[in-house]
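Please look over the sequence and the model before turning to the points below.

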Amino acid sequence: MTGAGMGTHWGRTVVLVHDYDEAIAFYRDGFGFEVLFDEPGEGGFRLLHLGTGGETGLWLMRVLPGDEHLVGAQTGGHPLGVVYVDDRDAALSRLASIGTLPAQPPGAGAGSRWAHVHDLYGNQIVLVQLFT
């Protein structure tokens with residue numbers, strides 16, 4: 001997507017996965033993501049983008065043989081990203097329904113409430129509810 005007036009904006013964050021379908025189910029059921037784009041690429045590569053609409057989202061890539069140790073560890077233990085939610089507790093409840101619990105006690109501060117969770121591969125994701 002290029003053209004006049006596009007400016008610079010974030011598109012996708014790459015997440016390495018073992019299995020496309022289990023990753024789709026996790027992000028759909030846990031975060032409400034939807035498949036934005038899913039087509040085969042060259043050489044058996046799959047172009048699979050998930051998100052909440054718009055352009056920003058995740059690009060799921062199946063890990064290459066021999067690199068399995070990178071799944072869930074691509075950020076060196078730091079958060080993979082932040083997901084902004086309307087209701088932190090509702091988001092935590094939805095995640096708990098699929099077996100995902102907070103990685104540490106949820107917190108709150110001036111203007112926000114947050115919780116750290118792990119995806120099915122161990123990537124840490126921060127849920128943030130902002131107050132206006």
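A108 stands opposite R113 in β7, and the bridge partner of R113 in β8 is Q129. Strands, and helices likewise, are DSSP runs numbered from the N terminus (strands E, at least two residues; helices H or I, at least four). The model is predicted, so local features need pLDDT of at least 70 and side-chain atom pairs count only at pLDDT 80 or more, while totals for chains, interfaces and linings use all residues. Residues are numbered from 1 along each chain as its sequence is written, and side-chain values use heavy atoms, with hydrogens and water left out.

**The sheet**

- An open sheet is formed by four strands in the order β5-β8-β7-β6, with mixed pairing; two strands pair if DSSP finds at least two bridges between them.
- At the edges lie β5 (81-84) and β6 (107-109), each of which pairs on one side only.
- From one strand to the next, the twist averages 25°.
- Strands of a sheet pair through backbone hydrogen bonds, in either the parallel or the antiparallel sense.

**Pairs and hairpins**

- Three bridges join β6 and β7 in the antiparallel sense.
- These two strands, β6 and β7, form a hairpin with two residues between them, and G111 in the turn has a positive phi of about 90°.
- Strands β7 (residues 112-118) and β8 (residues 124-130) run antiparallel and are joined by seven bridges; A115 stands opposite L127 in β8.
- The hairpin of β7 and β8 has five residues between the strands, and G122 in its turn has a positive phi of about 100°.

**Helices across the sheet**

- Helix α1 (residues 20-31) lies across β5, β7 and β8 and runs at about 25° to β8; axes are lines fitted to C-alpha atoms, for helices over the stretch in contact, and angles run from 0 to 180 degrees between N-to-C directions.
- Helix α2 (residues 88-96) lies across β6, β7 and β8, at about 15° to β7.

**The nonpolar core**

- The largest nonpolar core has 28 residues, of which Y27, F31, L60 and L127 touch the most other members. Such a core is a set of buried Ala, Val, Leu, Ile, Met, Phe, Trp, Tyr and Cys residues joined through side-chain atoms within 4.5 Å, where buried means under 20% relative accessible area (1.4 Å probe, protein chains only).
- Helix α1 gives the most to this core, with six residues.

Note on methods. Contact means heavy atoms within 4.5 Å. Buried means under 20% relative accessible area, exposed over 50%, partly exposed in between (1.4 Å probe, protein chains only).
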